Structure formats: structure tokens, C-alpha cells
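Hello,

Here is the structure for you to look over.

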Amino acid sequence: MDGMLIVLEGLDGSGKATQAEMLYKELCHRGASVRKVSFPDYESTSSSLVKMYLNGEFGDKPSDVNAYATSTFFAADRFATYKTDWGKDYENGTLILADRYVSSNLIHQASKIENQEEKDKFLTWLDDLEYNVYGLPRPNVTIFLDMPPKYGIELMKDRANKSNGGDKKDIHESDISYLQKSYDNAVYVSKRFGWKHISCVENGKIRSVEDINDD
């Protein structure tokens, strides 16, 4: 019997890792059989192409690699970790709590496409690629942490690059225009796919992690 899959999604600096850890502890406290995973899996060799892309080896701007090509890097990493790691737990009934998932491709890669018709075509293609071709499980619920870029940028100012541990930001984090496009696109896709929405900012101020977690 398959378990459940809960996804926490949001832009860089939205607090996904913090909220995932807090939710994980709460679920454990309530007696749930739960496992926390995070994507990309930088500890696995399956993320090699992801790291090359984010570290600028294919170009120093996100737009240097088209949405379709880039999406396959992230999708393959998810497939590899599902088949070799967390998939058995999920299939045996464990609740999987994911910090990012297919939704990240929907947010970040679709933002590269300006034309609405072409964007929707891409979103349909990506949904088929990850859930049908790769056979990844669909989430029971995706929770979108709505943190506008101007707040998220400040929060991740002193954060190390997750893909290589260095101080230099990856090509997503360092491109303010791209982050804004990704945010605008995230608002669109979150509505299109029916994600649960949690606002991280209220009256011009970032809400406390505890308040956000309560939601």
C-alpha cells in the first residue's frame, strides 16, 4: 500500500528546509511513519548534471539552457533517488515529506517561456515526463510557501551555495530578474495545479517561522 507524499514548495529563501524540518518533527510527534527527502539530491551522483547547470558550466544565465533540456536534469535526479532510495519506503506506506519536487521544475523552468500558449504546452509535457514516463508518484498535497523575491533574497544573503557549498550564488539565486519571473510563474502554476497556499509575508513583514508552521 502506497504511503502519502507531501511537498513543500517555494522560491529560494522561502524557508522550505526550515518548514520541512518543523513539519517532520510534528508528524513524528503525532506518531506518523514519516521520512523527509530533499531535491535535488546533492549527495547523489544523480545530481551531477543539475550541479553543472546551477554552477554555470553550461552558461552563466538560466536562459542559456532551455526549459525542456534543464527539466530533464532535475527529473532524472528524482527518478534515480526514487528507484534507489525512498521509493521502497513510499510503496510500503511511509509518509514522504519532500522539500521541493516536480513542482520546482514547473516553477523555475516554465518561467523561461514567455508565450502563455507555449508555457502551458511545456507544463503539460513536464507533467507527462515526470509522472508518466519516469513514473514518479503524484503528491497528495503540494504546499506553496509564498515568499516574494525581495524578502527571500534578503534571507538567503549569507547562505552558502547548496550545490557546491561555496559562497558564490548559483545561477538561479544570483539572477534577480529570473527570480522575479519564477515567482510570477509560481503564482500562476500554484493556482493551475491547485496547490495549498501559505503567505509568508503579512503587512510588509515576514511572518515568524512558527506562525507559518502553524498554517
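**Salt bridges**

Glu26 pairs with Arg30 in a salt bridge, with the closest N and O atoms 2.7 Å apart. The term salt bridge here means a side-chain nitrogen of Lys or Arg within 4 Å of a carboxyl oxygen of Asp or Glu. Glu26 counts as partly exposed, at 31% relative accessibility. Arg30 counts as exposed, at 66%. The cut-offs: buried is under 20% relative accessible area, exposed is over 50%, and partly exposed is in between (1.4 Å probe, protein chains only).

Some background before the rest. This is a predicted model, in which local features need pLDDT of at least 70 and side-chain atom pairs count only at pLDDT 80 or more, while totals for chains, interfaces and linings use all residues. Residues are numbered from 1 along each chain as its sequence is written, and side-chain values use heavy atoms, leaving out hydrogens and water.

The structure holds 13 salt bridges in total. Why can such pairs form? Side chains of opposite charge can pair when their charged atoms come close.

Another of the salt bridges joins Asp127 and Arg138, at 2.7 Å from N to O. This pair links distant parts of the chain, 11 residues apart: Asp127 sits in helix H5 (residues 116-133), and Arg138 sits in the loop between H5 and strand S4 (141-146). Helices (H or I, at least four residues) and strands (E, at least two) are DSSP runs, numbered from the N terminus. Asp127 is buried, with a relative accessible area of 18%. Arg138 counts as partly exposed, at 44% relative accessibility. Elsewhere, salt bridges that share partners join Glu21, Lys25 and Lys36 into one network.

Glu21 is partly exposed, at 28% relative accessibility. Lys25 is exposed, at 53%.

**A loop residue: Thr94**

Where does Thr94 lie? Thr94 is in the loop between helix H3 (67-91) and strand S3 (95-99). Thr94 counts as buried because its relative accessibility is 12%. Leaving aside neighbours within four places in sequence, Thr94 is in contact (heavy atoms within 4.5 Å) with Gly3, Met4, Ser33, Val34, Arg35 and Asp89. Arg35 is 59 residues from Thr94 along the chain, and their C-alpha atoms are separated by 6.9 Å.

Best wishes
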